[in-house]
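Me: I would like to go through the pockets of this model with you, one question at a time. Please look at the sequence and the structure first.

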Amino acid sequence: MADNNEIDLKKFERRIKVRPLRKKDFPALIEMGKKCFPGMKPWDEGQLDSQIANFPEGQFVVVYENRLVASATSLVIDFDEYEEKHSWAEIADSGYIRNHNPDGDTLYGIEIMVDPEFRGMKLSRRLYNARKQLCREMNLRRIVIGGRIPGYSVHKDKMSARDYVDHVISRNLYDPVMTAQIANGFVLKRLIRSYLPSDAESDSYATLLEWVNLDYRPPSKKRFQSSRHVRICCVQYRMRTIKTFEDFVQQVEYFTDVASNYHSDFVLFPEIFTTEMLSFIKAKDTATAVRKLAEYTPRYLEELTDLAVKYNVNIIGGSHFSIEEGYIYNIAYLFRRDGSIGKQYKLHITPNERRWWGVEPGDRIEVFDTDAGRIAIQICYDIEFPELARIAVTRGAQIIFTPFCTDERQGYLRVRYCAQARAVENQVFVAIAGTVGNLPMVENMDIQYAQSAILTPSDFGFSRDGIAGECAPGLETVVINDVDIELLDRARQGGAVQNWKDRRLDLYEVRGKDDAPVRSTQELPKTNKKPDTID
């Protein structure tokens with residue numbers, strides 16, 4: 001039987017972090033270099049000392065479960081000072097980077113390493129993203145890398161290096177280095193001969209690739225508006241009869257992989273989509289079946305934590321029935337791509353949930369910090385209560401994620417209309433994802449209706465009709481779109497209407513029981529009336 005106590009999520013978390021290189025990392029980094037590049041000389045401590053002395057901000061490592069598993073080395077240069085056909089030793093100062101130029105305009109990547117035991121976890125993407133963020137923060141024009149083409153070694157007798165890279169770009173061939181670089185937004189500029197003579201696998205060739213910083217602000221009197229894009233993937237998940245827990249995980253991994261391939265920051269699954277496991281759980285009644293489903297909670301937590309880390313995407317794992325202190329709760333778990341976990345209880349329980357499953361309401365309104373902004377999760381019926389969204393946004397939420405499960409169009413439209421209203425009222429983004437299909441042999445889950453969507457405020461600068469993207473109703477599919485967090489601040493300060501700024505806090509106030517009173521950000525009319533507080 002499942003443990004009825006509240007589950008300690010720490011047991012299921014995986015700790016993965018990108019951080020600066022430290023001196024204590026040197027021995028592990030040198031050993032990793034021997035594994036990554038057998039037959040080539042690894043870094044020595046003199047080079048590593050010089051790297052962190054000259055440009056500590058540009059040296060990154062990935063640590064997974066307290067083990068160093070990947071690294072990236074870079075410096076800043078004025079690229080015009082170097083010949084187009086430069087060598088690695090010239091551009092990297094033979095690894096000492098004493099030529100680092102704080103006044104340069106280009107971040108040059110001289111090496112990325114991933115421990116062979118941990119390849120397939122998209123660790124290089126984390127490192128490229130760290131470099132891109134550094135490039136933005138330093139307002140550099142671009143990132144340039146000189147990339148190895150180790151896959152060329154088995155093709156060099158049949159084709160030229162130029163033909164080889166053309167085949168890699170067109171995806172006819174796979175190269176373990178160049179394919180990842182192209183997938184991370186880098187564009188091939190040219191081939192360099194004799195770049196690293198000791199690199200026999202690449203036949204001493206290297207690719208010169210570039211990523212352009214679209215947020216770069218050149219010295220000018222012109223005004224540029226900043227942007228901060230977050231990519232969201234909503235999964236419209238088809239409920240189907242399955243035979244095992246592994247069948248469920250296979251479907252979840254498929255959609256997580258899709259979201260990751262499109263470089264999504266978040267992937268949102270629907271409410272209680274785990275109930276498709278009731279198609280193979282045998283029980284005498286629905287209440288017993290749900291408690292048997294809750295016994296899978298530890299495995300669900302473990303599998304989705306691993307998927308978030310492996311595919312480098314934050315997962316809102318729909319919601320799942322869990323038992324705590326003997327009671328059934330409907331809980332949405334957030335699986336961050338750094339391996340940590342958060343959870344939001346459903347706070348408003350429908351009559352149907354009480355009658356069929358005996359679900360109890362939670363009592364905490366959570367707001368979560370992530371690497372792509374501050375978010376809230378409001379499960380289905382919860383989005384129909386405007387106080388919750390107002391409280392979450394007051395606490396800093398920029399995106400509200402709403403997993404839902406509705407059986408027919410009227411129920412769906414309650415969720416949809418209220419989600420759109422929350423986006424307008426609070427000038428935030430709201431993403432909704434629901435289930436489709438049917439489970440004929442599962443009581444209370446026989447039919448599903450959804451049209452999942454990513455919703456925006458309704459104003460100039462946002463998507464037409466306040467819809468960034470939406471699925472076709474009733475089909476298993478995904479919707480993926482970017483939202484610009486910076487637009488929210490601009491709309492609140494200078495939009496056609498300014499709902500958030502124009503709240504009459506002298507007349508009313510919406511806050512959680514434990515929140516301090518909200519203070520107005522603007523001059524308000526004087527009044528002798530006492531504010532009506534809605535707790």
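Me: Which element gives the largest share of the lining of the largest pocket?
Reply: In this predicted model, totals for linings use all residues, whereas local features need pLDDT of at least 70 and side-chain atom pairs count only at pLDDT 80 or more. Residues are numbered from 1 along each chain as its sequence is written, and side-chain values use heavy atoms, with hydrogens and water left out. A pocket is an open set of points on a 1 Å grid over the protein atoms alone, where a 1.4 Å probe fits, with protein on both sides within 12 Å along at least five of seven lines, and lining residues have an atom within 4 Å of a point. Among the DSSP runs (helices, H or I, of at least four residues; strands, E, of at least two), the one that supplies the largest share, seven residues, is helix 4.

Me: How many residues of the lining of the largest pocket are charged?
Reply: The lining comprises 46 residues, with Asn129, Gln133, Arg136, His229 and Asp265 nearest the centre. Asp, Glu, Lys and Arg count as charged, Ala, Val, Leu, Ile, Met, Phe, Trp, Tyr, Cys and Pro as nonpolar, and the others, Gly among them, as polar. The lining divides into 13 nonpolar, 15 polar and, as charged residues, 18.

Me: Which strand gives the most to the lining of the second largest pocket?
Reply: This pocket is lined by 47 residues, and Phe37, Ile112, Met113, Pro176 and Val177 lie nearest its centre. The lining holds 23 nonpolar, 14 polar and 10 charged residues. With six residues, the greatest contribution is that of strand 4.
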